[in-house]
Amino acid sequence: MDDQAIIAELRDIVVKRLRFDPARLTALSAETPLPKGVSGALGLDSLDFIELSIALEERFGIVIQEGEDVAAHFGTFGALVRFVGARAPGA
């Protein structure tokens, strides 16, 4: 799966699963921080990250083990795209 397909899928997850307004994604770039409380961030909170993890497993087959440190992969949108590209089966 190429980066553009991953980006499209992740945008779909954010809008449909996390119920974000699609207009909030217009300025989304690889450098956009994901966590709430960071300047210019998408604004995901802890429950959003849990829901995102579940969605990654369902959509891409990526299983995140309890206790696995994935914070760096969920820091920016670009980091998340790279994480999915590296971990998705068949990537």
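**Exercise 1.** Is Asp12 buried, partly exposed or exposed?

*Solution.* First, the basis. This is a predicted model, where local features need pLDDT of at least 70, side-chain atom pairs count only at pLDDT 80 or more, and totals for chains, interfaces and linings use all residues. Residues are numbered from 1 along each chain as its sequence is written, and side-chain values use heavy atoms, with hydrogens and water left out.

Next, the cut-offs. Buried means under 20% relative accessible area, exposed over 50%, partly exposed in between (1.4 Å probe, protein chains only). Asp12 has a relative accessible area of 23%, so Asp12 is partly exposed.

**Exercise 2.** Find the salt-bridge partners of Arg59, including Asp12.

*Solution.* A salt bridge puts a side-chain nitrogen of Lys or Arg within 4 Å of a carboxyl oxygen of Asp or Glu. Arg59 meets Asp12 with the closest N and O atoms 3.2 Å apart. Arg59 sits in helix H2 and Asp12 in helix H1, 47 residues apart. Helices are DSSP runs (H or I, at least four residues), numbered from the N terminus. Arg59 also bridges to Glu9, at 2.5 Å.

**Exercise 3.** Classify the ring pair of Phe49 and Phe74.

*Solution.* Rings of Phe, Tyr and Trp (its six-membered ring) pair if their centres lie within 6.5 Å; planes under 30 degrees apart are stacked, over 60 edge-to-face, the rest tilted. Phe49 and Phe74 lie 5.9 Å centre to centre, with 70 degrees between the planes: edge-to-face. Now take Phe74 and Phe83. Their planes stand at 55 degrees, so this pair is tilted.

Conventions:
Helix = DSSP H or I, 4+ residues; strand = E, 2+ residues; numbered from the N terminus.
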